[in-house]
Amino acid sequence: MDKNMKLFNVEFMGMHPVGNCLVIAAESSEAAYKRATELVTWSDVSIEEIKLTDKTQTIAFVDGEY
């Protein structure tokens with residue numbers, strides 16, 4: 001992965017009530033927002049950068065559990 005890439009979590013209203021998840025790698029928040037709005041066309045989106053550390057992290061875990 002390019003060292004200039006950052007991870008962004010995207011919050012949005014899912015199409016179905018089973019949970020949703022979107023994590024985007026992009027060079028900037030603007031690029032991440034652009035990609036998110038291309039993918040999620042039925043809902044507003046908000047993005048937040050995921051700060052990576054040198055420790056093991058769980059980035060996303062959606063198991064379909066109600």
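Is glutamate 49 buried, partly exposed or exposed, and what is its relative accessible area? In this predicted model, glutamate 49 has a relative accessible area of 30% and is therefore partly exposed. The protein chain has one helix and three strands, and their order along the sequence is β-β-α-β. The points below describe the chain as a whole, its nonpolar core and its salt bridges.

**The chain as a whole**

- The C-alpha atoms of the protein chain fill a box of roughly 35 × 25 × 15 Å, taken along the principal axes.
- The protein chain has 66 residues, and 20% of them count as buried.
- Among contacts in the protein chain with a separation of 6 or more, 51% are between residues 24 or more positions apart.
- The side chains of the protein chain include 6 positive and 11 negative ones. The centres of these two sets lie 8 Å apart.

**The nonpolar core**

- The largest nonpolar core is made up of ten residues in all: Phe8, Val10, Phe12, Leu22, Ile24, Ala26, Ala32, Ala36, Val40 and Val45.
- At least two residues of this core come from each of three elements, namely strand E1 (6-12), strand E2 (23-26) and helix H1.
- Strand E1 gives the most to this core, with three residues.
- Valine 40, one of the core residues, is in contact with Phe12, Leu22 and Val45 when its neighbours within four places in sequence are left aside.

- Side chains of opposite charge can pair when their charged atoms come close.
- The structure holds three salt bridges.
- One of them joins the side chains of lysine 34 and glutamate 38, with an N to O distance of 2.8 Å.
- Lysine 34 and glutamate 38 are separated by about one helical turn, because they are four residues apart in helix H1 (residues 29-39).
- Another salt bridge joins the side chains of arginine 35 and glutamate 38, at 3.3 Å from N to O.
- Arginine 35 and glutamate 38 also both lie in helix H1, where they are three residues apart, about one turn of the helix.
- Lysine 34 has a relative accessibility of 52% and so counts as exposed.
- Arginine 35, at 40% relative accessibility, counts as partly exposed, and glutamate 38, at 42%, likewise counts as partly exposed.

- The side chains of glutamate 49 and lysine 51 meet in a salt bridge, with 3.5 Å between N and O.
- In this pair, glutamate 49 is partly exposed at 30%, whereas lysine 51 is exposed, with a relative accessible area of 58%.
- Glutamate 38 takes part in the salt bridge with lysine 34 and in the salt bridge with arginine 35.

Note on methods:
Residues numbered from 1 in each chain as written. Predicted model: local features only at pLDDT ≥ 70, side-chain atom pairs only at ≥ 80, totals over all residues. Heavy atoms only, no water. Salt bridge = Lys/Arg side-chain N within 4 Å of Asp/Glu carboxyl O. Buried < 20%, exposed > 50% of the residue type's maximum accessible area, 1.4 Å probe, protein only. Core = buried A, V, L, I, M, F, W, Y, C linked by side-chain atoms within 4.5 Å. Contact = heavy atoms within 4.5 Å. Lys, Arg positive; Asp, Glu negative; His and termini not counted. Charge placed at Lys NZ, Arg CZ, Asp CG, Glu CD.
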